[in-house]
Amino acid sequence: MVILLLAALSVVAISSPARAATTPQEVTGFGSNPGNLRMFRYTPPGLADGRPVVVAMHGCTQNAATYASNTGWMRLADTYKFSVVFPQQQTENNMNSCFNWFEAGDTRRDSGEALSIKQMVDRTKRDYGSTSAYVSGLSAGGGMTSAMLAAYPDVFSGGGIIAGLPYGCADSVSSAFTCMSPGVSKSPKEWGDKVREAFSSYSGPRPKVSIWHGTTDSTVKPINATELMEQFTNANGTDQTPDTTDTVGGYPHRVYGGTVETYQITGMGHGHPVDPGAGPAQCGTAAAYILDVNICSAHHLVRFWGIDDSASPKPTSTGTSTPTPTPTSSTPPYSDTVIGTATDHYVAQRITVDGYNKLGAAHGYNTPFTLYQCEAGWTDRTDCSPI
């Protein structure tokens, strides 16, 4: 069997579902469940009907409880008011608790594990009136996320693939190992065709896809991030030249056609990126294959998908005044007060991408923020004040 993770973690049994629970609750009777999976779900207290549902899938040897408690998804659900479904693999299906992302019978539309996960979404939509769904996963869960996005573009509006693999890369255990390392290279069209073939009669909009990968991942080689980008840009009808290239949290970030983005987490191995802390852009707890790299991937996923808006509206720009900068160097600080977005200031060369990320004045791309004036030799925002 394919082993994407190495540390064994215990399976925690959790009681029946409750709207005000503080941990994921097991839900039974969600459908025919041909993939023989277990369904756990977290629903924040006071969740209004109609809010989105997010599916978050663990990696091999992990389970729903550990993935939920460490990745930050429950805290984000509390903040932005959405429910989270945590599918759980069973050892009788895969001895290492990997989702079977490489088995055709488990990744086809209306078949196996893929159908079981879709039935979990259907159950949550019935229970809470959810009108939109999103899916993310780590490693084997990332591979299954690719499958769900390909097989069910009519169900999911967005996806997040973390240390994952392209859809259709493997059809057996041996080919799965080849996909993981050294990786498989195909043309964007070849990859895109695999996505289109998964639901050949579909002609509607494709999900937005966010791809995350560590540069030192030796379990699922970083080439997979490139192949995923090529697969979903082609499927979504855009080219492989980024429209936006910047850094977020100090890491290279690229956006393609507004529907696909990539994060290259420099120096990170195999795992799910978190940034423990109480800040608005922080989340998660470091654990085995849950890695503290000072960026919360789940936070940036909900921003890219746009499901943070209704619960926490972003401030509206009041326009950009005519600046009269008096810089003391080629990088911040500047002495002018300018309202605008990160992109506005970057294009106008008022601020560098690294500068505004280091100041902590913006989290994510193209979000409104205020410029700061800093003391000489500043190292963090405590040395700065708004101007």
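Visitor: How many bridges join strand 2 to strand 4, and do the two run parallel or antiparallel?
Guide: There are 5 bridges between strand 2 and strand 4, and the two run antiparallel. Strands here are DSSP runs of E with at least two residues, helices are runs of H or I with at least four, and both are numbered from the N terminus. Two strands pair if DSSP finds at least two bridges between them.

Visitor: What sort of model is this, and how are the residues numbered?
Guide: It's a predicted model, with residues numbered from 1 along each chain as its sequence is written. Local features need pLDDT of at least 70 and side-chain atom pairs count only at pLDDT 80 or more, while totals for chains, interfaces and linings use all residues; side-chain values use heavy atoms, with hydrogens and water left out.

Visitor: OK, back to strand 4. Which residue stands opposite Val 84?
Guide: That's Tyr 42. Strand 4 also pairs with strand 3, through 3 bridges, and those two run parallel. There, Val 85 is the bridge partner of Val 55.

Visitor: How many residues of strand 4 are buried?
Guide: 6 of its 6 residues are buried, where buried means under 20% relative accessible area, exposed means over 50%, and partly exposed is in between (1.4 Å probe, protein chains only). Both faces are covered: Ser 83, Val 85 and Pro 87 are on one side, with Val 84, Phe 86 and Gln 88 on the other.

Visitor: What's the strand order in the sheet?
Guide: It goes 1-2-4-3-5-6-7-10-9-8, an open sheet of 10 strands with mixed pairing. Strand 1 (25–27) and strand 8 (244–248) stand at the edges with a single partner strand each, so one side of each has no neighbour in the sheet. On average, neighbouring strands of this sheet are turned by 20° against each other, direction ignored.

Visitor: And which helices pack on the sheet?
Guide: Helix 1 (residues 64–71) is one of them, touching strand 2 (38–42), strand 3 (53–57), strand 4 (83–88) and strand 5 (133–138). Its direction makes about 140° with that of strand 4. Helix 9 (residues 297–305) packs on the sheet as well, touching strands that include strand 6, strand 7 and strand 10 (260–265), and its direction makes about 160° with that of strand 7. Contact means heavy atoms within 4.5 Å. The angles run from 0 to 180 degrees between N-to-C directions, with axes fitted to C-alpha atoms, for helices over the stretch in contact.

Visitor: How do strand 6 and strand 7 run, parallel or antiparallel?
Guide: Strand 6 (residues 158–162) and strand 7 (residues 208–214) run parallel, joined by 5 bridges. Gly 160 stands opposite Ser 210 there.

Visitor: Switching to helix 5. How many of its residues are buried?
Guide: 12 of its 12. Among them are Gly 141, Gly 142, Gly 143 and Met 144. The end C-alpha atoms of helix 5 are 16 Å apart, which agrees with the span of 16 Å that 12 residues should have at 1.5 Å a residue; the expected span is 1.5 Å times one less than the number of residues.

Visitor: What does Met 148 touch?
Guide: Met 148 is found in helix 5 (residues 140–151), and its relative accessible area is 0%. Leaving out residues up to four places away in sequence, it touches Met 57, Ala 114, Ile 117, Lys 118, Val 135, Pro 153 and Phe 156.

Visitor: And helix 6, which residues are buried there?
Guide: Ser 175, Ala 176, Cys 179 and Met 180, in a helix that covers residues 173–180. They line one face of helix 6, because they fall within an arc of 145° seen down the axis, with the arc taken from the directions from the helix axis to the C-beta atoms. They pack against helix 8 (223–235).

Visitor: Where is the cis peptide bond?
Guide: Between Ser 181 and Pro 182, with omega about 15°. Pro 182 lies in the loop between helix 6 and helix 7 (188–198).

Visitor: Which residues have a positive phi without being a glycine?
Guide: Asn 33 is one of them, at about 50°, in the loop between strand 1 and strand 2. Lys 81 is another, at about 60°, in the loop between helix 2 (73–80) and strand 4. Asn 33 counts as buried at 17% relative accessibility, whereas Lys 81 is partly exposed at 30%.
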